[in-house]
Amino acid sequence: MALHIIDEANRCLNCKKPGCQKGCPAHTPIPQVMQLFNEGKLMEAGALLFENNPLSAICSTVCNHEVQCAGNCVLGKKGNPIHFSSVENFISEAYLDRMEWKAEEKKGESVAVIGSGPAGMTTAMLLARAGYGVTIFEAKDKIGGIMQYGIPEFRLSKKLLTRYKEKMLEMGIQIRPNTTIGGALKIEDLFRDGYSCVFIGTGVWRPKTLGIHGESLGNVHFGLDYLANPTAYDLGETIAVIGMGNAAMDVARTALRRGARKAMLFARGKKAAASSHEMSYARLDGAEFIYEKAIERITPEGPVFRNSIFDEEENVIGYSEETELIRADSTIISVSQGPKNKLILTTKGLKGTDQGLLQVDEDLMTTCDGVFAAGDVVHGAKTVVAAVEEAKRAVKSMIRYMERRADAPQNKNRGIAV
Ligand SMILES: Cc1cc2nc3c(=O)[nH]c(=O)nc-3n(C[C@H](O)[C@H](O)[C@H](O)COP(=O)(O)OP(=O)(O)OC[C@H]3O[C@@H](n4cnc5c(N)ncnc54)[C@H](O)[C@@H]3O)c2cc1C
């Protein structure tokens, strides 16, 4: 393994204009990392990776590298691109447990972070590193958000998330599990208790419904609910998955690995939303892909479809008259998620967009003074690295905000009026 990684790193051409770095949504300084690694400076390479992206060990596993770093490697134009993610994974795995991320100087202010997904974790780690006290409020019992309760174990080890949790506790970050803000505690209570800023990284957890007959039947489930705890379900042998995105691939693969004999995924159009990479793995696990089928209703015997009709540009322009029942023991709906509205309903002045996402300004501050947000709850369902990148921006804005307030003490207590 180590030899392979070293060979891979040695192939890097150290381009002056590195396409890999440009293709990385987190702008990882790939050439510098490669150079340090090739010089045997493992810890320096790790430090550089984590300074830029505290979730480096996770992104090296779950990012869509085929369209990001590897997809933009110059060597890939004619042959085999450098698989930087494997090198990154090797470095960040080695670095994570050994890194000492202690703040040089305490700032004497604290921030409340709502949600412990990639956006919340990034925010918490970067702020703690900068010397701010951080408390994470997490609705569930474990940290990680979708990484914990959505992405299956066979794609992302939950032990890695536990190692991150230990690292965060070591950094002095406090974690309150099983605490939903907008329930017993509200955002105004956080300001009352002296937090200078609040960060919201609550993601999108309301499964999108289809609005068709049969969605509430006993053998119909939502993908995100299923993935959160697959052991709670008895799906039977044949599964129909409505949707063909990455999350739908996880649903089908999990069901197949847990004993289902047949898992069919259905798309309305001629193409899938999932990456070709995820589809290949799902195919290997035995998933079947069925295109051009529009769901009409769901019955206890299985979903009922109409055939999609297309124009010349392959847009769906209508559906066939006749319907077709596909027999399945369980139907799982996996067609994306939207935000829950608990915080908007319980926080005076906190405004959402038409889709229920949080409204933010260019500094990622919400419509409430001192309340910032990033991740899926701002930009809708995207990726881990997109949440990390946006959280990094939010952290910069929050630090600027707190420094401004520190310079102008009369501005203190400008949070939500209590
Ligand atoms: C099945 C599935 C597989 C995916 N696979 C990949 C992948 O392989 N690679 C990739 O890059 N992306 C993947 N994604 C997308 C990625 O996981 C998300 O874009 C990312 O997790 C969003 O991060 P976040 O921090 O914004 O929110 P989340 O990860 O959703 O975390 C939000 C956290 O906030 C908590 N919370 C919510 N409301 C409250 C409240 N009121 N009080 C306290 N806590 C609260 C939640 O419990 C949760 O822990 C996948 C998504 C799904 C659904």
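**Strands, domains and a ligand shell in a predicted model**

Colleague: How many bridges join strand β6 to β13?

Modeller: In this predicted model, strand β6 covers residues 220–222 and runs parallel to β13. One link of this pairing is His221, whose bridge partner in β13 is Ile332. The number of bridges that join β6 to β13 is 3.

Colleague: Which residue of β13 is the bridge partner of Ile242?

Modeller: Strand β7 (residues 238–242) also runs parallel to β13, and 4 bridges join the two. Ile242 belongs to the stretch given for β7. Its bridge partner in β13 is Ile333.

Colleague: Are the residues Ser330, Thr331, Ile332 and Ile333 of strand β13 buried or exposed?

Modeller: In a regular strand the side chains alternate between the two faces of the sheet. In β13, Ser330 and Ile332 point one way, and Thr331 and Ile333 point the other way. On both sides these residues are buried.

Colleague: What is the average twist from one strand to the next in the open sheet of 5 strands?

Modeller: The strands of this sheet follow the order β3-β2-β1-β4-β15, with parallel pairing. Its edge strands are β3 (174–176) and β15 (371–373), each of which pairs on one side only. From one strand to the next, the twist averages 20°.

Colleague: Which helix packs on this sheet, touching β1, β4 and β15?

Modeller: Strand β1 (residues 110–114) pairs with β2 (residues 133–137) in the parallel sense over 5 bridges, and Val113 has Ile136 as its bridge partner in β2. The helix that touches β1 also touches β4 (197–200) and β15. Its direction makes about 165° with that of β4. It covers residues 384–407 and is helix α16.

Colleague: How many residues of domain 3 are in contact with domain 2?

Modeller: Domain 2 comprises 110–206 + 338–411, and domain 3 comprises 209–335. The centres of these two domains, taken over C-alpha atoms, are separated by 32 Å. Domain 2 brings 6 residues to the contact, and its side divides into 5 nonpolar, 1 polar and no charged. The number of residues on the side of domain 3 is 8.

Colleague: From which domains does the shell around the ligand draw at least three residues each?

Modeller: The ligand is surrounded by 41 residues, and Gly115, Gly117, Gly145, Gly203 and Gly375 are the closest. The shell divides into 21 nonpolar, 14 polar and 6 charged residues. Elements that give two or more residues to it include α7 (118–129), α12 (246–257) and α16. The domains that each give at least three residues are domain 2 and domain 3.

Colleague: Why is Glu104 described as exposed rather than buried?

Modeller: Glu104 lies in the loop between α6 (84–96) and β1. Gly131 is 27 residues apart from Glu104 in sequence, yet the two are 6.9 Å apart in space, C-alpha to C-alpha. Glu104 is exposed because the number of other C-beta atoms within 10 Å is 7.

Technical notes: Residues are numbered from 1 along each chain as its sequence is written. This is a predicted model: local features need pLDDT of at least 70, side-chain atom pairs count only at pLDDT 80 or more; totals for chains, interfaces and linings use all residues. Domain bounds come from an automatic or database domain assignment. Two residues are in contact if their C-beta atoms, placed from the backbone, lie within 7 Å. Ala, Val, Leu, Ile, Met, Phe, Trp, Tyr, Cys and Pro count as nonpolar, Asp, Glu, Lys and Arg as charged, and the others, Gly among them, as polar. Two strands pair if DSSP finds at least two bridges between them. Axes are lines fitted to C-alpha atoms, for helices over the stretch in contact, and angles run from 0 to 180 degrees between N-to-C directions. A residue is near a molecule or strand if its C-beta atom, placed from the backbone, lies within 6 Å of it. A residue is buried if 20 or more other C-beta atoms lie within 10 Å of its own, exposed if 12 or fewer, and partly exposed in between; C-beta atoms are placed from the backbone.
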